[in-house]
Amino acid sequence: MIDLVGAATWLPHVGYVLLVAIGLFVLVNDENLVKKIVGLNIFQTGIFLFFITSAYRTGGRAPLVSEPGPYVNPLPQVLILTAIVVGVSVTGVALALIVRLYDAYGTLREDVIRDLRAAEAREDGAPTPATDGGVREEDPA
Amino acid sequence: MNPGDLLPLLVAVPLLAAAVPLALAIWSRRLARLATGGVLVGQTALAAAIAWFVATGDPIAYVVGGIPAAFGIGLLADRLSAALALLVAAVALAVLASDRTAHGGAYYGLWLLLVAGLSGVVVTADVFNLYVFLEISGLAAYALVAAARGPGAALAALKYLLVGTVGATLYLLGVGYAYVATGTLAMADLATALAAAGHDSTLVVAAFALMVTGLSVKVALFPLHGWKPDAYAAAPPAVAAALAALGSTVAAYAVVRIVFGVFTPAFLDAVPVARTGLLAAAAVSVVAGGLLALRATDARRLLAYSSVSQFGLVAVGVALATPLAVTGALVALVGHAVAKGGLFVVAGALARDGDLRTVGDYAGLARRQPVVAALVAVLAVSLVGLPPTVGFAAKWYLALGAVEAGAWAAAGLVVASTLLSLAYAGRLVERCYVAPDASERAVATDGGRERAAPAADAAPVDTRVVVVAGLAAVAVLALGFGSTALADWFAPVLEGWL
């Protein structure tokens, strides 16, 4: 039987699973590149939540030496601080790449970019459609 | 001086020095390039010194900040780590030297960050720091792939970033499960604590599955390989060579370290499904990678798919977990890195200088550039695994290990992989030596579109490229002849594990 009094201990786990699932779904399913990055962030946040949940203890306080215990486990929180920094850097690099793609293709949709590249390859028959840095005039969106 | 004090420098030197080319490039790009080379020479010397200390004594360990290993950040160099650290430094230096273009300061800064991240992965003794270093090298790799001109490179880099980040994050989740099960992150403590927690407990099995799956994305085992051909074909030539030689190699090292150093072979015995799953993924990788390489028309995509197949072989050795098989996996790891790095250096230069991109374009290469064609042939022979190259030694140990373990299917797989790689690498060599000259006819490329054949008098390949690829070919042969020495070098590490 589900112990409703202890809900505080298992509810975050439900949240973690939901966030991971939603994040991965958006990442895979959405054609908009920025939304893919949002999905990636939600996915990562779910995993951060899992770590923080593991640090929880009943009646625990912030682990400050000047305060009396019991403390929550500080180690997972430190790890997640680091992981958040990593996540921010990844998001930054990803958005920079998307800005470059938008400059070149005038769209954020992956399927449209795929069509444009295929059309480009057909038109000029160049060995690599990747080599021109020109801005596309038509905006198919 | 305590040799352990050298260990943090292996990460700290390239990490801090990454700012130097950024500043120097304001005055001169050549100066920035020179400084990067200088740092990498120092890094190689450092890695060689550590390898020498490890060879003459025990594995060396260092704890950052003097905080006990269970809580602090531990670094450890045994013979395996030392060899990989030397490989990372030397390959990064050689590939940098093969590139005559003077790039911007950011490019060289990222190059050093890549080296810092990869070196960190091979010397860390802490599963969480492994994640951080994996992401440092990953971020540098994404940005370096995007350093090529054109939106195609940005798209390939973004794909690489999305897949790579999901992989690294899955690994992080696995670390979380392992931490919840044991309360420690240090590899040495985890090995005993995971056994105490019960190898067949759901938490430990989930941790294993997530960590190995996450790392497999970085290794690019089938079907997690999608990012690889795009990224390698779109990246600047030197970046493709460095990533092909080092990126997946270091991730595969992490798999070896996690499976044997953290979960231990006892885990594989306790949870047979883990071994079966790994073996199945490896087998599918070997076959699917080989078939995809066979179908590829672009030379660099062919080489990227060949990596999928080759890392499948490494995973076969890991899954078999006998001393001979793991020796084979480690020899394959080193041999593949050298051979594939050399091939990518050549393929990149041919694409840039001669506009030779597809396998068909290589036709008649032996007549026009005999030295380059000979180097391609030697390196390709190592990929196939024919004597006297290091590729042969790797497959020999793997096949012996499989037979010794009574895993006949695995032994058959190793032999079949040789046939597959003979087919795709043979295509490349056949084009170079047997096919009529590409300059005499139009070549249909992968899209079915016709384009003008490259000029017969295409610019000869840069001497630097020939020298570096020559060094790779010599290394492949030397490691082949000295394969027992290489196996003996790894033996103490394996004795500790198996």
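**Figure 1. Chain B as a whole, with its 20 helices and 4 strands.** Everything shown here comes from a predicted model. The C-alpha trace of chain B stretches over about 70 × 60 × 40 Å along its principal axes. For a chain of 498 residues, the rule for a compact globule gives a radius of gyration near 23 Å, and chain B comes in at 22 Å, so the two agree. Burial takes in 64% of the 498 residues in chain B. If you take the contacts in chain B between residues at least 6 apart in sequence, 79% of them link residues at least 24 apart.

**Figure 2. The cis peptide bond between F222(B) and P223(B).** Check omega here and you'll get about 0°. As for where this happens, P223(B) sits in the loop that runs between α9 (202-219) and α10 (227-234) of chain B.

**Figure 3. A cis link between two prolines, P387(B) and P388(B).** Omega for this peptide bond is about 5°. P388(B) belongs to the loop between α16 (370-384) and α17 (390-404) of chain B.

**Figure 4. T264(B), a non-glycine residue with a positive phi.** The phi angle of T264(B) is about 65°. You'll find T264(B) in helix α11 of chain B, which covers residues 237-270. Is this threonine buried or exposed? T264(B) has 20 C-beta neighbours inside 10 Å, and buried means 20 or more, so T264(B) counts as buried.

**Figure 5. A321(B), in the loop between α13 (299-320) and α14 (323-353) of chain B.** What is phi at A321(B)? The value is near 55°, which is positive even though A321(B) is not a glycine. Around A321(B), 22 other C-beta atoms lie within 10 Å, so this residue is buried.

**Figure 6. Over to chain A: T45(A) in helix α2.** This helix of chain A takes in residues 33-55. How far apart in space are T45(A) and G23(A)? Going C-alpha to C-alpha, the distance between T45(A) and G23(A) is 8.8 Å, with 22 residues separating them in sequence.

Note on methods. Residues numbered from 1 in each chain as written. Chains lettered and ligands numbered in written order. Predicted model: local features only at pLDDT ≥ 70, side-chain atom pairs only at ≥ 80, totals over all residues. Helix = DSSP H or I, 4+ residues; strand = E, 2+ residues; numbered from the N terminus. Rg over C-alpha atoms; globule rule 2.2 N^0.38 Å. Buried ≥ 20, exposed ≤ 12 C-beta atoms within 10 Å, placed from the backbone. Contact = placed C-beta atoms within 7 Å.
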